[in-house]
Amino acid sequence: MNYEETLDYLYNSAPLFQQIGKDAYKEGLENTYLLDEHFNHPHRNFRTIHVAGTNGKGSCSHTLAAILQSAGYKTGLYTSPHLIDFRERIRINGTPVPKDFVVDFVARHRDFFEPLHPSFFELTTAMAFHYFAQEQVDVAIIEVGLGGRLDCTNIIHPELCIITNISFDHVQFLGNTLEKIAGEKAGIIKEGIPVIIGETTPETKPVFMARAKEVNAPIIFSEEEQLLHDSSVNEKGKRIYQTADYKNLEGELGGLCQLKNTNTLLSAIRRLKQMGCQFTEEDVRKGFSQVCELTGLMGRWQKLEDSPALVCDTGHNVGGISYIVEQLEHQKYQQLHIVMGMVNDKDINGVLAMLPKNAVYYFTKASVKRALPEEELQSLARPYGLQGKSYPDVQTAVAAAREAANKNDFIFVGGSSFIVADLLKFHV
């Protein structure tokens with residue numbers, strides 16, 4: 001099989017969550033342990049940092065990776081989902097895993113894993129750990145796929161754990177209260193391993209404190225450290241942070257959600273330095289200011305066009321959309337156009353209730369099976385005062401928005417990672 005045929009095999013033989021949702025989810029770590037044993041426990045051959053949370057874990061993971069590779073560490077990065085190419089999930093120093101490795105991995109090991117019927121994520125995690133060990137990375141940033149306690153990344157023994165925040169997402173797996181969701185995320189906290197908590201609520205903080213006490217793990221609350229003092233946006237749209245440790249720290253990621261992410265990262269950076277991690281102030285500055293170039297990060301308040309402005313963002317739940325709505329309020333425009341699509345297992349009504357009513361909407365659907373039909377989304381949006389037409393795919397919807405907009409307007413594309421993925425596929 002060539003690379004494309006190998007991907008088709010993986011997508012069709014191992015259930016892919018981003019395509020079919022809950023039917024791809026496998027509870028428990030039995031397959032993960034069998035795969036880990038088959039590959040001779042590759043994750044034991046490199047140091048790791050484990051990143052969980054409802055929102056912000058991708059931005060935090062990529063920024064940490066950018067800092068560490070700037071400091072000269074050979075840095076693995078494992079994230080999900082991918083936007084354009086599967087290989088985005090597994091990178092070393094920003095370079096995606098080679099196609100040949102993916103093809104060879106499946107060809108060599110399918111006789112072992114096929115009888116297990118692993119999920120796509122179980123198989124991909126095993127592939128990532130095997131690749132990082134083979135390439136002898138110094139450290140790998142490992143982003144949790146879903147939850148934490150039963151996530152197949154949770155077999156690692158990291159140097160540091162980070163939990164960015166908790167809000168409602170994947171409630172069918174993680175629970176329908178913030179306490180239950182926090183309990184699942186807190187499952188990554190290990191015996192004696194320090195954990196950074198980015199953001200808490202009255203419901204979640206006691207859960208984290210209890211788990212940390214149970215396993216004797218040092219716990220740091222970024223909100224209490226408050227290493228981020230102030231921020232502003234410069235003329236290029238970059239965020240400039242005033243922090244306890246770095247003056248005029250420029251961040252490439254401009255979204256409002258990056259304020260919380262940066263505060264979390266500052267706590268993590270300080271803790272890593274205390275643990276003996278070697279990086280300079282210049283490494284930190286480079287990681288923040290060049291994170292997209294260094295790691296390949298896409299889709300975080302990403303500006304694709306000017307005049308009219310066209311921006312996309314992968315925020316897809318109530319927590320993520322709340323930042324986007326606030327960010328849109330800060331934009332200057334004559335008319336706001338929103339190209340919107342969602343998947344069917346999210347809190348659709350919760351999101352629609354938050355969206356601005358002063359926009360023209362272009363309801364559409366992503367090219368995944370979980371996508372909510374565009375006409376159904378349009379119908380659900382009507383009671384919330386959101387007006388617009390429906391379009392069968394993202395490319396058609398964006399073309400309609402471009403056609404209707406003048407140069408002083410603002411076009412936002414989002415509602416789902418998969419909407420952004422479809423946009424980037426025809427835009428790049």
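Which residue of E6 does Ile49 stand opposite? In this predicted model, Ile49 faces Leu160 of E6. The pair belongs to the contact between strand E1 (residues 47–52) and strand E6 (residues 160–163), where four bridges join the two strands in a parallel run.

E1 and E6 are part of an open sheet of eight strands, ordered E4-E3-E2-E5-E1-E6-E7-E8, in which the pairing is mixed. Strand E4 (95–96) and strand E8 (219–221) each have a single partner strand and stand at the edges, so one side of each has no neighbour in the sheet. Helix H6 (residues 120–134) packs on this sheet and touches strand E2 (75–78), strand E3 (90–92) and strand E5 (139–143). The direction of H6 makes about 15° with that of E3. In general, strands of a sheet pair through backbone hydrogen bonds, in either a parallel or an antiparallel manner.

A further open sheet consists of six strands in the order E12-E13-E17-E14-E15-E16, again with mixed pairing. The edges are taken by E12 and strand E16 (387–390); each has a single partner strand, so one side of each is left without a neighbour in the sheet. From one strand to the next, the twist averages 25°. Within this sheet, strand E14 (residues 336–340) and strand E15 (residues 359–363) run parallel and are joined by five bridges. Val339 stands opposite Tyr362 in E15. Helix H16 (residues 374–381) lies across E14, E15 and E16, and runs at about 170° to E16.

For the chain as a whole, the secondary structure amounts to 18 helices and 17 strands. The radius of gyration is 21 Å, close to the 22 Å given by the globule rule for 428 residues, so the chain is as compact as a globular protein of that length. Taken along the principal axes, the box filled by the C-alpha atoms is roughly 55 × 50 × 40 Å.

The largest pocket holds about 690 Å³ of space. Its lining comprises 26 residues, of which Lys236, Gly237, Trp301, Lys303 and Gln331 are the closest to the pocket centre. By class, the lining residues divide into ten nonpolar, eight polar and eight charged. Strand E12 (302–305) and strand E13 (309–312) each contribute at least two residues to the lining of this pocket.

Several backbone features occur in loops. The loop between E12 and E13 contains Pro308, and the peptide bond joining Ser307 and Pro308 is cis, with omega about 0°. A cis peptide bond also leads from Ser80 to Pro81, with omega near -10°; Pro81 is located in the loop between E2 and E3. His117, a residue other than glycine, has a positive phi, near 50°. As a general rule, most peptide bonds are trans, and most residues other than glycine have a negative phi.

Definitions and conventions:
Residues numbered from 1 in each chain as written. Predicted model: local features only at pLDDT ≥ 70, side-chain atom pairs only at ≥ 80, totals over all residues. Heavy atoms only, no water. 1 Å grid on protein atoms, 1.4 Å probe; cavity = no way out; pocket = protein on both sides within 12 Å on 5 of 7 lines; lining within 4 Å. Points joined across faces, edges and corners; volume = space filled by probe spheres on them. Nonpolar A, V, L, I, M, F, W, Y, C, P; charged D, E, K, R; others polar. Pairing = 2+ DSSP bridges. Axes fitted to C-alpha atoms, helices over the stretch in contact; angles between N-to-C directions. Contact = heavy atoms within 4.5 Å. Rg over C-alpha atoms; globule rule 2.2 N^0.38 Å.
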